[in-house]
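Subject: A structure for you to look at

Hi,

Here is the structure I promised to pass on. Have a look at it first, then read my notes below.

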Amino acid sequence: MLNDLNLKRVDEIIKRYPEPRAALLPALWIAQEQEGYISLKMMKFLGNLLSLSYSHILGVVSFYTMFHEKPLGRFHIEVCTNISCMLKGSDKILSTVEKHCGIKCGETSEDGKFTITEVECMGACSGAPMIAVGEDYFENLNEDKTLKLLNNFSNVTKLNGNDDVDDETEFGGGD
Ligand code: FES
């Protein structure tokens, strides 16, 4: 269930709408912020709170790739393989990521460090091919740049610490 602070946040959001159910997306986002994913238990809790059925909530959670039904690795690597990225070699980026992490798309590494997901267009086509790691976008990638980036993530030793990734490489758009 939501902790007291987050329950208060969701209550505030509910007040902005004529029907509690309209607060579902922000409520899911807050729930995911709290737990890292949206568990079955949390879906049932939100269902009671927003007067929605569990199946409705499951439908929403499974529709949007930004919501996760399972815990993710410390670094969630989302590889875009949609048209612009595909034309610019996303297949090579994806296989580089899979090889480096030792897992396939949809899997989480045994040490809990990496999860890889294949995603549709993330709205950064001008920087194709690109990946997202958490909330950061890395664009104009090739295999070498991707490997360098992944090595930086691999060098982070604490899985739940606040240590920053040493990212000295320019990966932003317009590269
Ligand atoms: S196709 Fe990859 S960001 Fe648009």
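Of the 175 residues of the chain, 23% count as buried. Here "buried" means that 20 or more other C-beta atoms lie within 10 Å of a residue's own; with 12 or fewer a residue is exposed, in between it is partly exposed, and the C-beta atoms are placed from the backbone.

Two things to know before you go on. This is a predicted model, where local features need pLDDT of at least 70, side-chain atom pairs count only at pLDDT 80 or more, and totals for chains, interfaces and linings use all residues. Residues are numbered from 1 along each chain as its sequence is written.

The overall layout: the chain has seven helices and four strands, running α-α-α-α-β-α-α-β-β-β-α from the N terminus on. Helices (H or I, at least four residues) and strands (E, at least two) are DSSP runs, numbered from the N terminus.

Now the cores. A nonpolar core is a set of buried Ala, Val, Leu, Ile, Met, Phe, Trp, Tyr and Cys residues joined through C-beta atoms within 7 Å. The largest one has 18 residues, and Ile77, Val79, Ile93, Val97, Ile116, Met130 and Ile131 have the most contacts inside it. At least two of its residues come from each of strand 1 (75-80), helix 6 (90-101), strand 2 (114-119) and helix 7 (143-154). Leaving out residues up to four places away in sequence, Val79 touches Ser90, Ile93, Leu94, Val97, Ile116, Glu118, Val119 and Ile131. Touching, or being in contact, means that the C-beta atoms of two residues, placed from the backbone, lie within 7 Å. There is also a second, separate core of 14 residues, which includes Val10, Ala27, Leu28 and Ile57.

Not counting residues up to four places away in sequence, Ala27 touches Val10, Ile13, Leu46 and Leu50. Ala27 and Leu50 are 23 residues apart in sequence, yet 9.2 Å apart in space, C-alpha to C-alpha.

Which of its residues are buried? They are Met42, Met43, Leu46 and Leu50. An α-helix has 3.6 residues a turn, so residues three or four places apart point the same way. The buried residues of helix 3 pack against helix 2 (24-35) and helix 4 (54-63), while the face turned away from the buried side carries the exposed residues Leu40, Lys41 and Asn48.

Most residues other than glycine have a negative phi, and most peptide bonds are trans. Ser51, in the loop between helix 3 and helix 4, has a positive phi of about 55° although it is not a glycine. Ser51 is exposed, with 9 other C-beta atoms within 10 Å. Asn140, in the loop between strand 4 (136-138) and helix 7, also has a positive phi, near 50°. With 18 C-beta neighbours inside 10 Å, Asn140 counts as partly exposed. And a cis peptide bond joins Ala128 and Pro129, with omega about -5°; Pro129 is in the loop between strand 2 and strand 3 (131-133).

Cheers
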